[in-house]
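Here is a short briefing on one protein model. Look over the sequence and structure, then read the points below.

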Amino acid sequence: MGFARFAWMAVLACGAAAAYGVYAPEAADRWVPAAGGLAHQLHDRIWTPPSQTASTPGQQAQPNGPAPIVVTVTPVKRADFPVVLQSIGQVQAYNTVLVRARVDGQIMKIAFGEGQMVKQGDLLAQIDSRPFQAALDQAVAKKSQDEANLANARLDLTRYSTLAKQDFATKQQLDTQNALVLQLIASIAADAAAIDAAKTQLDYTTIRAPISGRAGFRLIDEGNLVNAGQQTGIVSIAQLQPISVIFAEPQEYVTRINQELASGSPQVTVMDADGHKLATGRLSISDNQVDLPTGTIRLKAEFDNKDNALWPGLAVTTGLQLGVEKDVLIVPTDVVQHGEKGLYVFVVDDQNRAQVRQVRVAQQDTNTAVISDGLKEGDRVVTSGQFLLQPGSIVSIDTGSGT
C-alpha cells in the first residue's frame, strides 16, 4: 500500500514538472537540456495565437523594413511679412503727481474719495484759512494807511511849492516833502505786493487737483497738521488717458526705429500674458542713448486708453511694427528646429524621404518665420512628427496636411 502511494506521488510530480516545462521552456533548458527543444515546440503550439501561427487565406506577407512615419507638411510660400519686434514692457501713467500742502495748517476737509476720477481744478482738501485771511486783511489795511499818508503828503507838497515861490519856504523843505511823497508811493507798491503774497498763501489753503486722473489712497486724514516741508503728500493722482508703455528693443534696430519715427509714428500693439490684444497706440519717443549693460534702446509708446484697459504698473507684451518685408519666403515658426549646427528643418523630397536642411531665419514672430537661406519656394517642410524623423526616413504624408 505504501509503495503504490509513493508511485502515484512520483507520477504527479513528474506531470507537474512536465507541465511547468511546457509553460516555461527556459526552465527545461536549464534543468533538462535534452527535453528543452520539445518543451519549446509544445509552448509555441499552445500559447501562440492562431493569427501568428498561420496566415489567413488571401493574406500577403508584410514587406521587410520599418513602417513609414506619418507626418504633416506644408509648402514654402512667398508672401509679405510685417516686421514686428516683440518685447516685454510696463505700463506707466502719462503723468503722476503727489499732491502736497504748500502752507502750514490743519486739514479741515478732505473733498475726494479714494479711487475717484478727478478733473483738473477739482477741490481735494481744505486747510484752515483763518490765519492767512487775517494776514491778507492786515496787508490791505496797511496799504490803505499808506495811501492816506500819501494823499496828505501830496497836499503838503503842493503847499510847499506855493510857499517856495513866494520865498516863505526853503528849497530844502520842498525837496524833503517831495522825497516823502516818493517814499509813500514805494510803500504802497510794497503793500500791493504784500497783498498779492497774502492772497497766494490764502489760495494755497484750498488744495485743488493739478491734473485730471485717478486718485489713489488717501495719505492723510481730516484734523491732522500739515506743513510745506512735509514729504508725505495728501494723495497721488495718476493720469490714465492717455497712458504710456515703456519697453526696450535691441540696439541693432536703433537706426531703423529712428527712421520710422522721422517718417511717422510706428504702430505699437500691447497684449496681456495670454496673448489677448489690449490696445493699439503709437511710438512717441526713443531714448537719447543705448543702455550699455543690456545693449537695448528704451522706447515709449502712447495709448488713448479710453476703456482703461491699461493700468499703471501692468506688465504687457509689446509689438512694434517696423514696415513690411515684401515677397519673402515664409514657413510656420514651429517647423524650425534647433540643432548642434544651428537652425534646421525637415524637408520631404519627391520620394517621400525626409531630409535635413540647414536654414537661416531673418525675421520671425509667434506664428511665421522668414527664411533667408536654405529653402526655395514649393519645398515641403514637415510641420508635425519631426521628433520621430531621421535623415532618410520614409514618411507617409497625412492627407489632411494640404500638400
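**Surface patch**

Leu98, Phe217 and Leu219 make a nonpolar surface patch of about 310 Å². This is a predicted model, in which local features need pLDDT of at least 70, side-chain atom pairs count only at pLDDT 80 or more, and totals for chains, interfaces and linings use all residues. Residues are numbered from 1 along each chain as its sequence is written, and side-chain values use heavy atoms, with hydrogens and water left out.

- Patches consist of residues with over 30% relative accessible area and no salt bridge; like charges are joined within 9 Å, and nonpolar side chains (Val, Leu, Ile, Met, Phe, Trp, Tyr) within 5 Å.
- Leu219 lies in the loop between strand S8 (213–215) and strand S9 (225–226); strands are DSSP runs (E, at least two residues), numbered from the N terminus.
- Leu219 counts as partly exposed because its relative accessibility is 42% (buried is under 20%, exposed over 50%, partly exposed in between, with a 1.4 Å probe and protein chains only).

**Sheet**

- Four strands form an open sheet in the order S3-S10-S8-S5, with antiparallel pairing; two strands pair if DSSP finds at least two bridges between them.
- Strand S3 (96–99) and strand S5 (117–118) are the edge strands, each pairing on one side only.
- S8 is joined by two bridges to the antiparallel strand S10 (residues 235–238).
- Opposite Arg214 stands Ala238 in S10.

**Aromatic pair**

- The structure holds one aromatic pair (ring centres of Phe, Tyr or Trp, its six-membered ring, within 6.5 Å; planes under 30 degrees apart are stacked, over 60 edge-to-face, the rest tilted).
- Tyr344 and Phe346 form this edge-to-face pair, at 5.8 Å centre to centre and 85 degrees between the planes.
- Tyr344 and Phe346 are both buried.

Conventions
Accessible areas come from the Shrake-Rupley method with a 1.4 Å probe; for residues, only the protein chains shown count as cover. A salt bridge is a side-chain nitrogen of Lys or Arg within 4 Å of a carboxyl oxygen of Asp or Glu.
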